[in-house]
Amino acid sequence: MTASVTRVTVTELCEREGVSHTILVTLVEHEIARPIAGTGTDDWVFDATGAQWVYKAVRLHRDLELDWVAVSMLVDLLRQREQLDRENRLLKQRLARFLAQD
Amino acid sequence: MEFKDYYEILGVAPDAETSDIKAAYRRLARKYHPDLNPGEEAEANFKEVAEAWEVLKDDTRRAEYDELRRYGGQRRQEFEPPPGWQSSARPDFQHVSGDFSDFFNSIFGGAFREEEVARDFGFRGQDVEIEMPVFLEETIHDSVKPVHFEIPVFEGGQARPLRKSLRVTVPAGVTDGERIRVKGQGGPGQGKGPAGDLYLHIRLVPHPLFDVEGHNLLVTVPIAPWEAALGVKVTVPTLSGKISLTVAPGSQSGQKLRVKGKGLAGKTGQGDLYAVLKVVMPRTATPEVRALWESLAEKTDFDPRANWGNRS
């Protein structure tokens with residue numbers, strides 16, 4: 001059996017997309033990356049969901065040549081859209097149950 | 001292999017200025033970027049566009065590409081680089097792995113060079129993200145689930161699918177949209193590079209009875225109009241067996257009754273179950289029942305639309 005984790009360390013996060021420690025600090029400053037634990041920048045810990053947004057942000061920065069402010073706004077909106085899509089799906093499901101004739 | 005016309009892909013003239021090519025790239029990248037547009041088609045389009053830009057933005061590469069385009073661009077389907085072809089453009093370490101087409105690799109990557117670079121430096125394997133449907137019942141405790149997926153593996157510029165099967169532990173209390181990381185189970189690394197990771201994107205499977213709101217569960221409880229009026233004891237399903245619930249006299253449709261601790265497991269504690277009442281009318285009525293409704297209508301002065309006032 002393979003163990004699964006929901007956490008990603010700062011070193012692992014940097015290694016994956018070849019992000020420097022300095023860039024990661026910038027990402028945290030722009031609230032694109034949100035550490036869930038750790039007191040100093042060297043022992044930050046992120047959750048796997050948050051790590052996925054970091055990877056998206058790095059790709060958008062590189063591929064669309066956007067600055068971090070634009071990336072941070074974009075990621076914020078994408079996060080909101082994902083959240084709203086999920087809420088919408090769940091509410092539709094609840095509404096259908098309530099409107100359905102038994 | 002097929003010759004790729006990078007100018008055509010970006011929709012620019014072969015003598016276009018780099019600034020115009022850049023503008024075309026940015027427009028198309030925005031249109032097809034996989035992080036902004038879900039779907040495999042957008043991703044495939046984006047890869048083509050990114051590859052075209054990777055070649056045309058670099059003067060050395062562009063000059064070499066133009067030369068090859070004159071040499072073999074007409075024979076679209078059966079293009080081969082000239083014997084002994086070696087690009088003088090610097091290989092882009094960030095992109096040498098599997099992101100580009102065989103056409104690109106045959107000109108600018110080169111199987112030999114790729115393997116040489118991999119041996120000396122190593123590339124981290126690809127990360128893989130797949131959707132993982134999880135049943136509500138499986139989120140109460142840690143549960144072990146089988147996962148099957150395919151990842152493309154690149155060897156000498158050729159892609160072949162690698163099938164993987166493993167069992168992963170889904171921790172208790174996972175929520176819809178959450179990602180779980182399985183370390184080292186993504187694509188294999190090249191050379192000294194480590195393997196990539198597998199990310200499981202959790203998707204809660206819709207349940208026939210329960211809806212989810214954060215860590216709380218909702219169950220719709222159909223009741224008859226007289227049960228709403230007079231009150232009733234109903235047996236309500238939960239994820240861990242049935243419970244008895246008292247509906248008070250004079251209950252409303254849509255009213256929620258809280259059952260503490262019968263929701264989903266959460267990281268900050270156990271969620272609750274909410275029984276949502278739904279008053280349901282019988283579809284048919286016997287003459288006797290109809291007479292009872294008529295007598296009720298005569299004896300009550302209840303106006304359900306009273307708060308419409310004069311607006312009705």
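This is a predicted model: local features need pLDDT of at least 70, side-chain atom pairs count only at pLDDT 80 or more; totals for chains, interfaces and linings use all residues.

User: How is a pair of packed helices described?

Analyst: Two packed helices are described by the angle between their axes and the distance between those axes. In this model, the axes of helix H2 (residues 18–32) of chain B and helix H3 (residues 40–56) of chain B come within 9 Å and cross at roughly 160°. Because angles over 145 degrees count as roughly antiparallel, H2(B) is roughly antiparallel to H3(B). The crossing of H2(B) and H3(B) is left-handed.

User: Which residues in H2(B) and H3(B) meet?

Analyst: From H2(B), Ile21(B), Tyr25(B), Leu28(B), Ala29(B) and Tyr32(B) take part. They meet Ala42(B), Asn45(B), Phe46(B), Val49(B), Ala50(B), Trp53(B) and Leu56(B) of H3(B). By class, this contact has 11 nonpolar residues, 1 polar residue and no charged residues. An α-helix has 3.6 residues a turn, so residues three or four places apart point the same way.

User: How many residues does each chain give to the contact between chains A and B?

Analyst: Chain B gives 35 residues and chain A gives 27 residues. On the chain B side, the elements that each supply at least two residues include H2 and strand E3 (158–170). The largest share, 5 residues, comes from E3(B). By class, the chain B side has 15 nonpolar, 6 polar and 14 charged residues.

User: Does helix H8 (residues 287–299) of chain B lie largely buried or in the open?

Analyst: Of the 13 residues of H8(B), the number buried is 0, so H8(B) lies largely in the open. From first C-alpha to last, H8(B) reaches 18 Å, close to the 18 Å expected at 1.5 Å a residue.

Notes. Residues are numbered from 1 along each chain as its sequence is written. Chains are lettered from A and ligands numbered from 1 in the order in which they are written. Axes are lines fitted to C-alpha atoms, for helices over the stretch in contact, and angles run from 0 to 180 degrees between N-to-C directions. Helices (H or I, at least four residues) and strands (E, at least two) are DSSP runs, numbered from the N terminus. Angles under 35 degrees count as roughly parallel, over 145 as roughly antiparallel, 65 to 115 as roughly perpendicular and the rest as oblique. A crossing is left-handed if the near helix is turned anticlockwise from the far one by less than a right angle, and right-handed if clockwise. Two residues are in contact if their C-beta atoms, placed from the backbone, lie within 7 Å. Ala, Val, Leu, Ile, Met, Phe, Trp, Tyr, Cys and Pro count as nonpolar, Asp, Glu, Lys and Arg as charged, and the others, Gly among them, as polar. The expected span of a helix is 1.5 Å times one less than its number of residues. A residue is buried if 20 or more other C-beta atoms lie within 10 Å of its own, exposed if 12 or fewer, and partly exposed in between; C-beta atoms are placed from the backbone.
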